Amino acid sequence: LFVNPGGPGGTVVSSLPYYAAQGIGEAIVKAYDIVALDPRGVGDSTPVFCMTDLEKDERNDGDDEDIDTGDESPQSAVAAAQEDSRTFAAGCREHSGSLFEHIDTVSAARDFDMVRAVIGQDKLNLLGYSYGTFLGATYAGLFPENVGRFVLDGALDPSLSIEDVSAMQMRGLDASLQHWISDCATQASCPMGRSLDEGIQTVRSFLDSLEDSPMRTNDPARPLTENLAVTALTGAMYNTQWWPQLSDAYADAVRRGDGSALLDIADLMNSRNPDGTYADNSADAINAINNLDYEPEGTTDQWIERVNGLKSELPILGRYVGYPSAGLSAWPTEHADRQPIHATGAAPILVIGTTHDPATPYPMAQRLAEQLDSGVLITVEGWNHTAYRRGADQCVVRAVEDYLVKGNVPQNGLTCQ
């Protein structure tokens, strides 16, 4: 059973002990040899590097110049996004040669089939999360006859453009932040206030205050910037179990003027070690791979219209909507064509969608399950990113493990709480 945790850029080899001991159910671990294959450009598979650790710090602190903060014209923001893309690509070439031109998902899927053949398997079995569903669907489209038992959890729709993916993810994250605020507001000690509207305004004002006056932390050289605070807030949305920790960290910031706890969360999300090094190359890989997997769509006027629409729609994150097609338009390689994947002739493919997934919104899972000729949709009510793991709700655990271990295909449209 091949496992892919997502990203793109998520390392699998280094995560294998976790998946074997905690992540995957014991029944699956007993039934399968678990295979960890870092996709090309990732982890131990000749990792792509595009930035130094210092450059990553600067970028994470707030040098994302493709963000339209309202202080510059939209045309300037578009130009900044394009220049940032050129600079990033130049860094990839400087640090990794031509590797960044060859780490697209289609190539990675072909690598997976090569490894399947090398280890003597007639079929490839896969448990893919998030981007791992994109990789899995791509594989199924290329090699439907080699599809074994596939579970795609937290599905991405491979037919969507970068504009659609970006907008849907921003909406999902904003909705999750609002739910976090509403959940907190039921408690007397909530640092955001006692209502959703009050909480939105409080969080918005807090982030605005960091733009010109970053907050002190326990590291005098690293104050909490607006960008780092946004990283902490959005990153913690991926799992509701992190919400209490985020609320405490937010309370430290607004009540004591101490951004240390929020900085710690941001560093965790950015894979930054306490000594200033980075634990992996995920930030390099996700940018390089996405720039190969998607192509620009639309005109400058359409990009600006889209950003303006999302800015007015999203009360918390509207300010941080970027110009993804602008960056892609300046990327110096070819881009993949996005189109539906049917995988005609493939064995049943389980597609899991969580109704309020902040990163891969539920409609993506619906669309992927409909596209795949053999797609079987499982719906999970909830707010987390992805659903299946050891100790999760027994409904989804049974569905996944009965399929992977016994080959029992669940009913299409199964809904789990």
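This is a predicted model: local features need pLDDT of at least 70, side-chain atom pairs count only at pLDDT 80 or more; totals for chains, interfaces and linings use all residues.
Local features need pLDDT of at least 70, side-chain atom pairs count only at pLDDT 80 or more, and totals for chains, interfaces and linings use all residues. Residues are numbered from 1 along each chain as its sequence is written, and side-chain values use heavy atoms, without hydrogens and water.

The count comes to three disulfides, each defined as a pair of cysteine sulfur atoms within 2.5 Å. Their pattern is 1-2, 3-4, 5-6, with bonded cysteines counted along the chain.

Cys50 is bonded to Cys92, S to S 2.0 Å. This link is right-handed, with 95° about the S-S bond. Cys50 lies in the loop between strand E2 (35-36) and helix H3 (53-62) and Cys92 in helix H4 (residues 74-96), so the pair ties together parts 42 residues apart in sequence. Helices (H or I, at least four residues) and strands (E, at least two) are DSSP runs, numbered from the N terminus. Cys50 is buried at 3% relative accessible area, and Cys92 is buried at 0%. Buried means under 20% relative accessible area, exposed over 50%, and partly exposed in between (1.4 Å probe, protein chains only).

Cys184 pairs with Cys190, S to S 2.1 Å. The torsion about their S-S bond is about 120°, so this disulfide is right-handed. Both Cys184 and Cys190 are buried.

Cys395 and Cys416 are joined at an S to S distance of 2.0 Å. Their torsion is about -65°, so the disulfide is left-handed. Cys395 sits in helix H16 (residues 394-406) and Cys416 in strand E7 (residues 414-416), 21 residues apart. Cys395 and Cys416 are buried.
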